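Please open the model in your viewer and keep the selection tool at hand, as this tour moves from one selection to the next.

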Amino acid sequence: MTNMFEIYPPIVQSAIAGVADRKYCQQMLDLGAGMVTLGGFPADRLNYKASLKMKERGRTECIPPTNEKELSEWFNQNLLLFKRNKRQRTAINLRIVTVDQITEKWLEALDGKVDFLELNVHCRQKEVLSIGAGEGLLRDLKKLDQLLASISKFLQKTKLSIKIRGCSVGDKDSLIEILEKQQVNYIHIDSMLKGENVADILLLKSYCNSTDIPIIGNNSVRCIEDVKKMLKVGAIAVSIARPLIRHPNFIAVLIHQLEG
Ligand SMILES: Cc1cc2nc3c(=O)[nH]c(=O)nc-3n(C[C@H](O)[C@H](O)[C@H](O)COP(=O)(O)O)c2cc1C
């Protein structure tokens, strides 16, 4: 059984590659976010290559150095966040498909610096899917199982968690079985209703009812009613990404409305 934990306020800044750097996440903590998410970043050789290809075609990506010395300086400068209160949490979202030397450096460097490593099983860019990473891992649950086990071996203090795209899951029961076995600390679910700009609340509810692993709900949270709907079906927190790119202060507005 996974230990329950609290995210308070239950409003989280979700990963936004190329935007959510240390400065941005610090701003989110200062605005009172219950949890912030650095990244996502590529954290193995194959994912670095995929990120380079995505950057070449104009996608905003943050690609840290691979050279050992520069990477360790990058970690020192980019992972340090200051919480405003003891209940705030920090996470880093990483794309990994094989634990290699680059991954090992990442895992050793981040352990203890952030509360959660959120494995990105969500990205659906073609360069990422072509290497079996991101949501591609949902199509190979055995590989996902082994990957989670390999990552866990490197983590002493930082806890492992996962971000998934709910509508891309084929076999939910087998997925949950693996996540429970690997003692994943939370499941962050992009609950998008395929082809629509609304969340699939029933899908979110079905996960909340199927496992004791804490669930963070995501997608199309645009007002306080959207927050309440997700909390009502059992999510421990909800997360937001796109509105916060142009309007970071929106997170403070929602927190104020929830607490008011
Ligand atoms: C520009 C951009 C970059 C994103 N990068 C990541 C990422 O690196 N990792 C990830 O798990 N999700 C990423 N997401 C997905 C968001 O975290 C979120 O799941 C999605 O945008 C739906 O939430 P929203 O409706 O609040 O935007 C990204 C979204 C956008 C718009």
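The stops below go from a pocket to a helix pair, then to a salt bridge and some backbone details.

Before selecting anything, note that this is a predicted model, in which local features need pLDDT of at least 70, side-chain atom pairs count only at pLDDT 80 or more, and totals for chains, interfaces and linings use all residues. Residues are numbered from 1 along each chain as its sequence is written, and side-chain values use heavy atoms, with hydrogens and water left out.

Start by selecting A15, R59, H122, R165 and D190, which are the closest to the centre of the largest pocket among the 34 residues that line it. A pocket here is an open set of points on a 1 Å grid over the protein atoms alone, where a 1.4 Å probe fits and protein lies on both sides within 12 Å along at least five of seven lines, and lining residues have an atom within 4 Å of a point. This pocket holds about 780 Å³ of space, the volume being the space filled by probe spheres set on the points. Its lining divides into 12 nonpolar, 12 polar and 10 charged residues. Next, colour β2 (35-42), β3 (89-95), β5 (159-165), β8 (237-240) and α10 (242-246), each of which supplies at least two lining residues; the largest share, 3 residues, comes from α10. Helices (H or I, at least four residues) and strands (E, at least two) are DSSP runs, numbered from the N terminus.

Now select α9 (residues 224-232) and α11 (residues 250-259), which pack at an angle of about 65° with their axes 10 Å apart, the axes being lines fitted to C-alpha atoms over the stretch in contact and the angles running from 0 to 180 degrees between N-to-C directions. In this pair, I224, V227, K228 and L231 of α9 meet L254, Q257 and L258 of α11, where contact means heavy atoms within 4.5 Å. The contact residues divide into 5 nonpolar, 1 polar and 1 charged.

Move on to E6 and R87, which form a salt bridge whose closest N and O atoms are 3.8 Å apart. The term asks for a side-chain nitrogen of Lys or Arg within 4 Å of a carboxyl oxygen of Asp or Glu, and the count by this rule comes to 12.

Finally, look at the backbone. The peptide bond from Y8 to P9 is cis, with omega near -10°, and G39 and G40 are also joined by a cis peptide bond, with omega about 15°.

Definitions and conventions. Nonpolar A, V, L, I, M, F, W, Y, C, P; charged D, E, K, R; others polar.
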